[in-house]
Amino acid sequence: AVGYNAMSELTEGDNNTGAGHKALHNLTTGSGNTAVGDNALNSTATVDGNTGVGYYAGLYTTGANNTYLGYNAGKGASGAEALNVGVGKDALLAITTGIGNTVVGGLAGDALTTGLNNVFLGREAGSATTDVDLAVIAGYGAGGADMTAAADGTVAIGGSALGALTSGEGNIAIGYQAWGNGGSSNNIGGAENVFIGSESGG
């Protein structure tokens, strides 16, 4: 441990590394955790396998086997999240109990709290989404509205693809701004639609 109050509460844990002010500060019995940065993984206490690198990375993480890299990545609020990967500034910023999410990009998935098994790639991908499952969102601003459980299984690939979608399961949009306005003239909130091509669907 290196840094003021880094790993200062440890009693029985093994193979932990804490470097930075209050890195892994509350860890008591967890093992295999790595925290580098001011307050990285500060709240991790009895769980294993977390990695937090960056200022406040994984600050409130209480779940296991998460990887957060970047300023405020995975900062979250106290919850039992697990098996998440957040890479980039504010990636998975608000995560609480979400499981199995892979998010790469600045501000990507920054509002997601409870979603499961999503993949968000690109700056601001899925940036307003709070609770969607099994979605694949790739591209700057793709899936940019607040998708909820009513939009499970969404696939949006391309800059601003499905940019305004909030509900409707199983929609697929591929291409720049494909159904980018949420389909103002095409079945808003509808399910299982497919749009392929730049600005397809309006």
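Student: Which residues have the most contacts inside the largest nonpolar core?
Tutor: Phe120, Ile137 and Ala173, in a core of 25 residues. A nonpolar core here is a set of buried Ala, Val, Leu, Ile, Met, Phe, Trp, Tyr and Cys residues joined through side-chain atoms within 4.5 Å. Buried means under 20% relative accessible area, exposed over 50%, partly exposed in between, with a 1.4 Å probe and protein chains only.

Student: What does Phe120 touch?
Tutor: Leaving out residues up to four places away in sequence, its contacts include Val103, Val104, Leu112, Val132 and Ile137. Thr102 and Thr129 are also among them. Contact means heavy atoms within 4.5 Å.

Student: And what lies apart from that core?
Tutor: Another core, of eight residues. Ala6, Met7, Leu24 and Ala40 are among them.

Student: Before I go on, what kind of model is this?
Tutor: It is a predicted model: local features need pLDDT of at least 70, side-chain atom pairs count only at pLDDT 80 or more, and totals for chains, interfaces and linings use all residues. Residues are numbered from 1 along each chain as its sequence is written, and side-chain values use heavy atoms, with hydrogens and water left out.

Student: Aromatics next. How many pairs are there?
Tutor: Three aromatic pairs. One of them is Tyr55 with Tyr71, stacked, at 5.2 Å centre to centre and 15 degrees between the planes. Rings of Phe, Tyr and Trp (its six-membered ring) pair if their centres lie within 6.5 Å; planes under 30 degrees apart count as stacked, over 60 as edge-to-face and the rest as tilted.

Student: Where do Tyr55 and Tyr71 sit?
Tutor: Tyr55 is in the loop between β3 (51–53) and β4 (67–69), and Tyr71 is in the loop between β4 and β5 (85–87), so the pair ties together parts 16 residues apart in sequence. Strands are DSSP runs of E, at least two residues, numbered from the N terminus. Tyr55 is partly exposed at 34% relative accessibility, and Tyr71 is partly exposed at 40%.

Student: What about Trp179 and Phe195?
Tutor: Their ring centres are 4.9 Å apart and the planes are at 25 degrees, so that pair is stacked. Trp179 lies in the loop between β10 and β11 (194–196), while Phe195 is in strand β11.

Student: Are those two buried or exposed?
Tutor: Both Trp179 and Phe195 are buried.

Student: New topic. How many salt bridges?
Tutor: Two. A salt bridge is a side-chain nitrogen of Lys or Arg within 4 Å of a carboxyl oxygen of Asp or Glu. Asp90 and Lys89 form one, 2.7 Å from N to O. Arg123 and Glu124 form another, with the closest N and O atoms 3.4 Å apart.

Student: Is Asp90 buried or exposed?
Tutor: Asp90 is buried, with a relative accessible area of 8%. Lys89 is partly exposed, at 45%.

Student: What does Leu107 touch?
Tutor: Lys89, Asp90, Ala91, Glu124 and Ser127, not counting residues up to four places away in sequence. Leu107 sits in the loop between β6 (102–104) and β7 (119–121). At 28% relative accessibility, Leu107 is partly exposed.

Student: Last one. Where does Ile174 sit?
Tutor: In strand β10, residues 172–174. Ile174 is partly exposed, at 34% relative accessibility.

Note on methods
Helix = DSSP H or I, 4+ residues; strand = E, 2+ residues; numbered from the N terminus.
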